Amino acid sequence: MTGVAVETRGLKRNFGDFEAVAGVDISIPTGEIYGFLGPNGAGKSTLVKTLCTLLRPSSGSATVAGFDVATQSTQVRLHIGVALQDAALDPKLTGREILTLQGRYYGLHRHEIVSRMDDVLALVDIGEAIDNRTGTYSGGMRRRLDLAAALIHNPDVLFLDEPTTGLDPVSRIRVWEEVRRLNDELGMTIFLTTQYLEEADQLADRVGIINAGKLVAEGTPEALKRQIGSDVVIARVVGDVELARDAVSGIEGVEGVTIRGDELTISVADGAGTISPVAVALNGCGVRVIDLTLRTPTLDDVFLEHTGAHIQPDATSEGDES
Amino acid sequence: MTATTAPGDALEVPRSTVRARPGGFFRDLASVATRALKLIPRDIEGVIPALVVPLFFFVVNVGSLSKAFEFSNPGQSFKAFQIPVAIIFAVTGVSRASTLVTDIQDGYFDRLLMTPMNRMALLLGLMVADFALVIALSIPVVALGLLLGVHVTTGPLGVVLFLLLAGMWGVVFTGFPYAIALKTGSPAAVNSSFILFFPFAFLTTSFLPADQLQGWLATVAMYNPVTYLLAALRSLIMVGWDATALWQGLAAVLAVGAVSQTLAFRALRGRVRKG
């Protein structure tokens, strides 16, 4: 495999007049965990489906494992493993039957399937449930089996589309551990989409932030957060927020102010030293401060800086595993 | 990364040398068929009606119409006349189309499309499983007929050909529900494809020989391919080796197959190219 695992150039994907992916350029070196972060409907899944050959690019180009997704799709398929957002498992088959079939789909011989099943089950913990029908599995187990199925043919690049959406916190952390282990121990390149800030922050070597089909920021989580400033002061006010912004913008150490609703996000170089002047300025400009918080920047602040909105994970998919 | 890993949890797993490769058409075909066949006994409630309905109609028709038929067709057995009808009832519309549409809806079909599998094998593999199932469904119907005293004039070879023709018809007909499943991805649409069964199965020589049909029904039956299939199947049981009837029956099956399979594989191509 080449030194670049995934590369896109001006990649677009339209559905009718709607531009779901609007000219994305990314380059992911081999062995990296790349987190693709964005809210629901941002274009994450469409991009993954395009890179996995399920959708054809409307324009632009993309290569995965050195092969063009539009013209060398079979070669791409041989080199990728994919676990899409909804774990597609036949509920009437056992975990072992699903993994065996998946191995056959990739042309593996019987002894290779047995060998690979041992390998992936050492990495992805299914336990004795492997011989139960998947209809009896919990959400977390389904995700893990889906991950095992994506690995059975030993792919070079693993695509995980929102691998923990809908999982409870404990299951989420187990999936994180397994993803990290795949990268650490096997050097597998992992392209991960998520709507969870913490997931991107914890797992990804680099993060791309997508909004409305466009890549709005890219870098390591630390570098992205550093762009915002060393610290962030969040002020919720009642009154004229524009006036409040003008009042705090001139304070020494304030690097930027973003307004969203009644909330000001104030990027500062030195939070401890700046929060008092900010409080005084707000108090003196005629607004009523109902909440004032000092914290370090998050990827949500990065998203806010670039889009003017917060990332809102899909509430219906939060921790719904039983 | 700050997610915790329990001590001793980290396994030193060397990168496997196993690599994916295209399995080839026949291996892909076998993989799809194997899964479909494996699921049949686990979804047995979907198969039982296909077995019960033809046996029920056979018993009821024979019980109620035998005397009338044998009065107007002296020397002919209504049981022998009805066995091919029961077979048509057993094999027409039996398919894995509902499984396919479930696969489409829950994403399993996408999983298959992301593998290097041969695209035609995705559909043909299901049809191989259908063929095995319709043969399996036909055997008890034929066995019942034999138990009730039906004599197959062409002997065991005729029975084999009888089952093969029935199986071919069953597979040919699956093209319609598969086309609907692939085109719509809708379980309701697939279920409604059963409506196609009625004109094929009833506007024909189901209950009377062709020369006793009258009016519009006689005209429709003349153009219904099942008329020729029934004639071929009946010839094997009641007449003997009748090359004309057999060729006409085979031609009728192939003609319907040309239409249904074209629709099905076009729909497959459309879904695969949806991207």
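**Sheet, hairpin and chain contact in a predicted model**

Reader: Which strands does helix 1 of chain A lie across, and at what angle does the helix run to strand 7?
Author: This is a predicted model. Helix 1 of chain A covers residues 44-51. The helix lies across strand 3 (33-37), strand 7 (157-161), strand 8 (189-194) and strand 9 of chain A. Its angle to strand 7 of chain A is about 150°.

Reader: In what order do the six strands of the open sheet in chain A stand?
Author: The pairing in this sheet is mixed. The order in chain A is 6-7-8-3-9-10.

Reader: Why is one side of strand 6 and of strand 10 of chain A left without a neighbour in the sheet?
Author: Strand 6 (80-83) and strand 10 (214-219) of chain A stand at the edges. One side of each is left without a neighbour because each has a single partner strand.

Reader: Which residue is the bridge partner of A:Ile210?
Author: Strand 9 (residues 206-211) and strand 10 of chain A run antiparallel, joined by five bridges. The partner lies in strand 10 of chain A. It is A:Leu215.

Reader: Which residue in the turn between strands 12 and 13 of chain A has a positive phi?
Author: Strand 12 (residues 254-260) and strand 13 (residues 263-268) of chain A pair in the antiparallel sense over six bridges. They form a hairpin with two residues between them. The residue with a phi of about 65° is A:Gly261.

Reader: Which element of chain B gives the most residues to the side that touches chain A?
Author: The contact takes 33 residues from chain B and 37 residues from chain A. Helix 1 (25-39) and helix 5 (108-113) of chain B each give two or more residues to that side of chain B. The top contributor, with five residues, is helix 5 of chain B.

Definitions and conventions: Residues numbered from 1 in each chain as written. Chains lettered and ligands numbered in written order. Predicted model: local features only at pLDDT ≥ 70, side-chain atom pairs only at ≥ 80, totals over all residues. Pairing = 2+ DSSP bridges. Helix = DSSP H or I, 4+ residues; strand = E, 2+ residues; numbered from the N terminus. Contact = placed C-beta atoms within 7 Å. Axes fitted to C-alpha atoms, helices over the stretch in contact; angles between N-to-C directions.
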